[in-house]
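Please look over the sequence and the view below before reading on.

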Amino acid sequence: MKLTILHVYPDLMNLYGSYANVAVLGRLLERLGHAVEVRRIAPGDGADLPDADFLYMGAGTERRQKFALTDFRRHAERVRAAARDGCPMLFAGTAMELIGQSVTDADGNTADGIALAPFRTVQHTRRIVGDVYGQTDLFPEPVIGFMNKCGVISGADRPLLTALEMGFGNESERAPEGWHSENVYASELTGPLLVKNPKLLEHVAAALLTRKGLTPPDTWPTDLWARQGYDVTARELRARAQKA
Amino acid sequence: MRKPLAILACKLGYFFGKLVGKGSSLPGKLALRICPDILGQIRLPSTVIAVSGSNGKTSTVEMIAAILRADGRKVIYNKEGSNQIEGVATMILTHASLSGNVRADVLLMESDERYAARTFQFFRPTHFVITNLYRDQLTRNGHPESVYDALRPALAPETELLLNADDPLSSCFGQDRQNVTWFGLDRCGISVPSPTGVYHDGAYCPVCGGRMEYAYAHYNHIGAWRCTACGRERPRTQYAVTALDLQTGVLTIDDTVKVKLAFRSIYNVYNILAAYAICRRCGVSSATAAGVIENYVLKNGRMRTFRLGDHHGTLLTSKHENSIAYDTNLRYVQDHGKDCVVVVIVDAVSRKYFTSETSWLWDIDFDRLNSPNVKRVILSGRYCNDLAERFAYSALPAEKWEVVETIPAAAGTLKASGSEEIYVLTCFSDRDKFLTLTEREA
């Protein structure tokens, strides 16, 4: 089947290898025998976002995030409708902040988010940087990644990572991280997230397939390097978490 | 009374530190503790030059010092590269008399981008050279714009800025001020129609967010840019590379000054141009400057040659977490490499611990290795799986690259067979892990 991924603002929200989340998702779907089209959406493009089977936005600097939000607000109603309709979407890195109620910058200026999620973000001049190792309710394997943000998020009622053994979550050290509701996934983690966590990649791909009426495979095609890379990193981070 | 005490403590600390091989920032730290505003109480030379930026600081500073000395000036600079306030304090105070006079014509210093504002709260450079600002050590720096915000307060209104016109971000420092000297590369032999690389940080204007367009680019998003929304564009340069041929290694500055390059890398060209520009601003003749940079071989050892079995090899130091540094070295291999095998080593990203942050590998344009002269690529080090995963998404066919987990095993494999040229790409922190397994070239 032909599957369409919308990559929103690929040249604007492009920090920390963000594009790789799309690359690995596309490759996995292709290995399952589907044709994948990635449509790149730039600020100012068209009146409406086209229909798609997946929507993705990555991390950007605070300035670029503002430029992105100004444009993304035009699409707010449509993105919320797509989410209600079960369209899977991932907001990775600072893109997560845009789907909340508001983003307040380090100077205290507040801008409205697209109100897909209930949380609010307040940015500070101090950056929050470091490795993250935590658990999710979606699958038993730990989630790994790297945090590089300056926003503190409050009111994320349904975190993606329910418990952190290491790292800064939405609001504080070892607090829950990200947000997840139905098929909407949001996390400030980079690494990039879907490259680093093969299980999360499969989970997201399964959501996409199921919505299209397709059955996710019993056994997923394995990506040896991603799997081994995950094992090494998870082992090392676990050891660091236990030492701390 | 604290001033002479602080200076003395610094000098003694430096002397004993040298004996035990200790770093160059501790003595300065000690002096700053005794007298926190000591740097504001020193009589500095009439010319104080600071150099900052993501890439090229150390090399540029080294060449500026060489040119100024050739012109007969007495120059003091931090060649040990301790570029935060403590290191700068060590350098200044060890060269000061106890009454606080620094007897030299020029004080020249490399300054860390993020901490420059701290260093320059006590004294103001007369000239500030900024080489560029782009993705570099993002785990430490956040992102290029956060570095921009941190560096901006260090630039006093009276300080003359020397800025890279080709860099859309660091050129913003020149907005709304007159005392700026611009340097850059005109369209020349290496220019390409549009930006290159995996990501495009010049796609949108850093000031207004409008779409940018390029008349040409030299590497990545460095080139002749213009914002289609606010009209901001690459400024007119006062010092320019007007012709460049990296194949023959000949560089022409301002149509008249021709120099041969010892190291034919685009970085070297920008560093030379920046050094040339500041020295000309300080009154050095073009002949003196050109005489020094002609075939100038950097002493800071970014490039090392070696022998391994029947192979001759070159190690190109790239900074981990700095994708443009890698891109530039990959381009060097592609442009100048004979038939070769390339080794990419990522063994330690942080000196302290293993990290999950390997996103910068996705920012590197490894597709450049899909070049006919590159016969084989070996990926090695503790992060070899992450490297391999990245390569699986590159343009290189799978049969062209392989993983050899440990560095000794990678060196052993190479030593056992073949005689082609080897290029090793790795970071300072991992460099010696490979070089110690080779014979250094005489």
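## Domains of chain B

What distance separates the centres of domain 1 of chain B and domain 2 of chain B, taken over C-alpha atoms? In this predicted model, the two centres are 29 Å apart. Domain 1 of chain B covers residues 2–293, and domain 2 covers 303–440.

Contact between these domains involves 19 residues of domain 1 of chain B and 18 residues of domain 2 of chain B. On the domain 1 side, α6 (138–141) and α8 of chain B each contribute at least two residues. That side comprises nine nonpolar, seven polar and three charged residues.

## The largest nonpolar core

The largest nonpolar core contains 210 residues. The members that touch the most others are L25(A), A31(B), I64(B), L108(B), L273(B) and V342(B). Helix α8 of chain B (residues 266–281) provides the largest share of this core, with 12 residues. Both domain 1 and domain 2 of chain B give residues to the core, so it lies between them.

Leaving aside residues up to four places away in sequence, L108(B) touches I49(B), V61(B), I64(B), A65(B), V75(B), I76(B) and Y77(B).

## Contact between chains A and B

Between the chains, 33 residues of chain A are in contact with 28 residues of chain B. Several elements of chain A each supply at least two residues of its side, among them α1 (19–31), α2 (62–72) and β7 (120–136). The largest share of the chain A side, nine residues, belongs to α7(A). By class, the chain A side has 15 nonpolar, 10 polar and eight charged residues.

Conventions
Residues numbered from 1 in each chain as written. Chains lettered and ligands numbered in written order. Predicted model: local features only at pLDDT ≥ 70, side-chain atom pairs only at ≥ 80, totals over all residues. Core = buried A, V, L, I, M, F, W, Y, C linked by C-beta atoms within 7 Å. Buried ≥ 20, exposed ≤ 12 C-beta atoms within 10 Å, placed from the backbone. Helix = DSSP H or I, 4+ residues; strand = E, 2+ residues; numbered from the N terminus. Domains from an automatic or database assignment. Contact = placed C-beta atoms within 7 Å. Nonpolar A, V, L, I, M, F, W, Y, C, P; charged D, E, K, R; others polar.
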